[in-house]
Amino acid sequence: GTWYAPAHAQGCYFKSTDGHCNNWSFSSTRLNAHVALEAASRGGCVIVDATGSNVKRFPDALAKTVPIWADVFNRACAATMSPEDASAWMSPAKDGPFLPHWISDNEKNSIRARVDSFMASFEAVKYDVRPL
């Protein structure tokens, strides 16, 4: 999807299978930390799906994998803040990743139940989020 962005943009890779039902995970091998750094320094980012699949209008990578990734980075950043700042930072997402409305409540609850394991995967990498 880099053809949609200025030349300074970098690519990223979010594997759709990390968002498949009952296979939700946070990939420590596809950390995409440069995306988090760009988003933090520029006030946000746009992630474009570049697959050629006509099967789904909104692929699992964007519907679930990216929200899980963003939630993990937000939680990791909140862990470096004062309790008051962390509470305000995480307030909108205190219950877990913000997922699209068409994801069933059952699936949302199942994903949110894995937040601790997502965080454990991230913490095992020992990535320093303080620059974010």
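I shall speak about the overall fold and then about aromatic pairs.

This is a predicted model, in which local features need pLDDT of at least 70 and side-chain atom pairs count only at pLDDT 80 or more, while totals for chains, interfaces and linings use all residues. Residues are numbered from 1 along each chain as its sequence is written, and side-chain values use heavy atoms, with hydrogens and water left out.

The protein has five helices and zero strands; helices (H or I, at least four residues) and strands (E, at least two) are DSSP runs, numbered from the N terminus. Of its 132 residues, 33% are buried, where buried means under 20% relative accessible area, exposed over 50%, and partly exposed in between, with a 1.4 Å probe and protein chains only.

Now to the rings. Rings of Phe, Tyr and Trp (its six-membered ring) pair if their centres lie within 6.5 Å; planes under 30 degrees apart count as stacked, over 60 as edge-to-face and the rest as tilted. The count by this rule is five aromatic pairs. One of them joins Phe26 and Phe122 edge-to-face, at 5.8 Å centre to centre and 75° between the planes. Phe26 lies in the segment before α1 (33–42) and Phe122 in helix α5 (residues 115–125), so this pair ties together parts 96 residues apart in sequence. Phe26 has 7% relative accessibility and counts as buried; Phe122, at 4%, is buried too.

Phe122 also pairs edge-to-face with Phe73, at 5.1 Å centre to centre and 65° between the planes. Phe73 belongs to helix α2 (residues 60–78), 49 residues from Phe122 in helix α5. Finally, Phe26, Trp69, Phe73, Phe122 and Tyr127 form one aromatic cluster.
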